[in-house]
Amino acid sequence: MCRVAASTRFVVVCSIALAVCTNMMGASAREEPITKKSDRTVSGVGVIDQVIVPGPEPVYRADGYTFRVSATTKVRFRDGLKALNEVGTNTLAEFDGVRIISGEIVATKVEFARLKLPKRTPGPTDLQWTTFPPGSKIDAYKGIGTAAMDLPEEDEGGWCGWYPLSQDAALQQRVRRVGLRVVPQYQRDLPDDDQAKIPFRFYVVEGTYRRSAIFCGNGLVLVPLVAVVRLTTDELLAAVLAEG
């Protein structure tokens, strides 16, 4: 039976993945609303990955959107937060608003909350390996090893099972490089023992015909070889990695 792991940071990962797609979005709130009413009302929920404009009318990015808190926005705080100056990256935001021509959302109401994260102790499986012996395999929970690892046959190729690692060093390096570019800068800057730190690792694996990224465990993103060879540009690869 293939293993399936609970995703303890689903909101965080999804927020990061969606934010990549809008990384170049502008932040101007003084524009006329777009014409179609169906396109104007937007709701979102996600972790703030960037504070674009601080101050009394701040602009944040979360859930793939850029949204502004204006003087007319109904703001609510919970889980220990009391004011806008306490809101920053890693704050959970749930908002409704109206989209203007630039793509920015002018929030009509927003709720901010602290993330309740478990205590984190960095472990050996958090490390990004750049070299490994021939015949190495990667397991979602046990990390990287050779044939000496106790890897049940029934877990091979499962969503949270184990896979043979590709021996193409250049391809592994490309996936690592593009993967780290996808991870928001604030995440890369967090100390290793910070509760909000996600230890992202990126690997090319064999033994499966899946054509999408396999994400299991905390920050582990696997990309099947059959998928990588079809992603001829870094932009296509980045989109697949962002999903994970």
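The sections below treat the overall architecture, the cores and the salt bridges in turn.

## Overall architecture

The model is predicted. The chain contains five helices and 12 strands. Of its 244 residues, 45% count as buried. Among contacts with a separation of 6 or more, 63% are between residues 24 or more positions apart. The accessible surface is about 12900 Å², and carbon and sulfur atoms account for 55% of that area.

## Nonpolar cores

The largest nonpolar core comprises 20 residues, and those with the most contacts inside it are Val175, Phe202, Val223, Val228, Leu237 and Leu241. At least two residues each come from helix H2 (169–182), strand S10 (201–205), strand S12 (220–224), helix H4 (225–228) and helix H5 (234–243). H5 supplies the largest share, five residues.

Beyond its neighbours within four places in sequence, Leu237 is in contact with Arg174, Val175, Val178 and Leu231. Another core, of 14 residues, lies apart from the largest one and includes Val42, Ala62, Leu81 and Phe112.

## Salt bridges

The count of salt bridges is eight. In one of them, Arg61 and Asp49 meet at 2.6 Å, N to O. Arg61 lies in strand S2 and Asp49 in strand S1, so this pair ties together parts 12 residues apart in sequence. Arg61 is buried, at 6% relative accessible area, and Asp49 is buried, at 5%.

Asp234 forms a salt bridge with Arg174, the closest N and O atoms being 3.0 Å apart. This pair links helix H5 to helix H2 across 60 residues. Arg174 is buried, with a relative accessible area of 15%. Asp234 also meets Arg177 in a salt bridge (3.0 Å, N to O); Arg177 is partly exposed, at 39%. Elsewhere, a network of salt bridges links Arg76, Arg78, Asp79 and Glu111.

Key:
Residues are numbered from 1 along each chain as its sequence is written. This is a predicted model: local features need pLDDT of at least 70, side-chain atom pairs count only at pLDDT 80 or more; totals for chains, interfaces and linings use all residues. Side-chain values use heavy atoms; hydrogens and water are left out. Helices (H or I, at least four residues) and strands (E, at least two) are DSSP runs, numbered from the N terminus. Buried means under 20% relative accessible area, exposed over 50%, partly exposed in between (1.4 Å probe, protein chains only). Contact means heavy atoms within 4.5 Å. Accessible areas come from the Shrake-Rupley method with a 1.4 Å probe; for residues, only the protein chains shown count as cover. A nonpolar core is a set of buried Ala, Val, Leu, Ile, Met, Phe, Trp, Tyr and Cys residues joined through side-chain atoms within 4.5 Å. A salt bridge is a side-chain nitrogen of Lys or Arg within 4 Å of a carboxyl oxygen of Asp or Glu.
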